[in-house]
Amino acid sequence: MNPSLRTLLGARRRYLIGLDVGAVRVKAVELTDGADGRPSVSAFASVPLPAGGQTEALEAVRKAATFHTRRVASAVSGRAVTVRYITMSNVKESELKQALPLEADKYIPYDVEEVYLDGQRLEGAEGGESKVLLVGAKKTLVQDVATRLEAGGFLPVVIDVDAFALGNAFALAREHLLVPEGGRPEVCALVDVGATKTNINILEGVTSRFTREVYVAGQDVTASIVKTLSMSPEDAERWKCDPKDRLAEAAAGVQGVAEDLGNEIKLSFDYFESQFEREVQRVWVSGGGLRYPGLLESMEKLFGKPTQFWDPTEGLGVEPGVDVAALRAEAGSLAIAIGLAARIADAP
Ligand SMILES: Nc1ncnc2c1ncn2[C@@H]1O[C@H](COP(=O)(O)OP(=O)(O)OP(=O)(O)O)[C@@H](O)[C@H]1O
Ligand SMILES: [Mg+2]
């Protein structure tokens, strides 16, 4: 049912928390059905994740804001998750799920019995040749994530993949801006740079064409500062967020990391461009990793494409009682959490 109709009819409001358990911060955004049909932020929190202290961090998240539900959508990522863009023939929508295990055997580096599989038809006529997005995640990983969420007091109802959550957040915020009338949808790359990993999702319009995870990110910048300025990791982390006088001294080391990361990301652009014969036109950045002064500009130069931070809260309503200034200040780091909560539309 259309969300605004639900509200008009006095149906109980739905709520879903998108929970992004990052390597250094846990981000949670709760969405609900807004009165105008747009999803609306009803609570959010971002708390540091102490090493090894996930249960405490999840409890801290629950205390940091007034959530209306314990239902969460969260994500898995890393090497135990496989994403492939495959071609299948003669597959009907209704038969896709049953057909996946046979196909998956060719693409997934584990025994199909050991993985949860999902698939989505991207395009192609029913019964003809279709492009299908295939996702496989090791059951042990998914179960482990679910158990940890439950230990922290949440009720997992959706387990997604980081890169897709990023795409869903982008669709929510910007879909209305994307398709120029009569033209082809723009190709843009979403790049979320965290502490330990960088997620890339290349979209044509709002359709994902390519995803990849790269293991160069914010903590490599911190490591270069530790080395160049002979600081402890804790001091370097603090200094990084407010680098006053020694910016120039740290520059050479940081530039080296920027080049490593930029070149890794560029490899993904090159691959996409060779496969699809379309160019990545624009890069939208989220996550905390590129907030260090000058990093975004270095990336833009390296890519030779417009490269900007984007605000994933742009297309959302905000419920009364939510601190809007704090939400906007954190917004750049909330993209994945928002994209997870966007599953409110189809969550069980
Ligand atoms: N103001 C800032 N200036 C510089 N760096 C910052 C700033 N704020 C955050 N960072 C850096 O951003 C990184 C954390 O970003 P984020 O919260 O997106 O990571 P995460 O989601 O916890 O990690 P991951 O995605 O790798 O699991 C850290 O490396 C931190 O040093
Ligand atoms: Mg992250």
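How many residue pairs are in polar contact between domain 1 and domain 2, both at pLDDT 80 or more? The count is four, where a polar contact is a pair of N or O atoms within 3.5 Å; within protein, one atom must be able to donate a hydrogen and the other to accept it, and residues adjacent in sequence count only if both atoms are side-chain atoms.

The model is predicted: local features need pLDDT of at least 70, side-chain atom pairs count only at pLDDT 80 or more, and totals for chains, interfaces and linings use all residues. Residues are numbered from 1 along each chain as its sequence is written, chains are lettered from A and ligands numbered from 1 in the order in which they are written, and side-chain values use heavy atoms, with hydrogens and water left out.

**View 1. The two domains of the chain.** Domain 1 comprises 1–79 + 139–181 + 311–348, and domain 2 comprises 184–309; such bounds come from an automatic or database domain assignment. Taken over C-alpha atoms, the domain centres lie 24 Å apart.

**View 2. The interface of domain 1 and domain 2.** Contact (heavy atoms within 4.5 Å) joins 20 residues of domain 1 to 24 residues of domain 2. The two domains bury about 1700 Å² between them, 64% of it on carbon and sulfur atoms; buried area is the accessible area (1.4 Å probe) that two parts lose on being put together, summed over both.

**View 3. The salt bridge across the interface.** One salt bridge is found between domain 1 and domain 2, the term denoting a side-chain nitrogen of Lys or Arg within 4 Å of a carboxyl oxygen of Asp or Glu. The side chains of Lys197 and Asp162 form a salt bridge, at 4.0 Å from N to O. On the side of domain 1 that touches domain 2, helix H5 (162–178) and helix H11 (335–341) each supply at least two residues; H5 gives the most, with 10 residues. Helices are DSSP runs (H or I, at least four residues), as are strands (E, at least two), numbered from the N terminus.

**View 4. The surroundings of ligand 1.** Among the 20 residues around ligand 1, those that come nearest are Ala23, Lys27, Thr196, Lys197 and Glu237; a residue is included if one of its heavy atoms lies within 4 Å. Oxygen atoms of the ligand lie 2.6 Å from a backbone N or O atom of Thr196, 2.7 Å from a polar side-chain atom of Lys197 and 3.3 Å from a polar backbone atom of Gly289.
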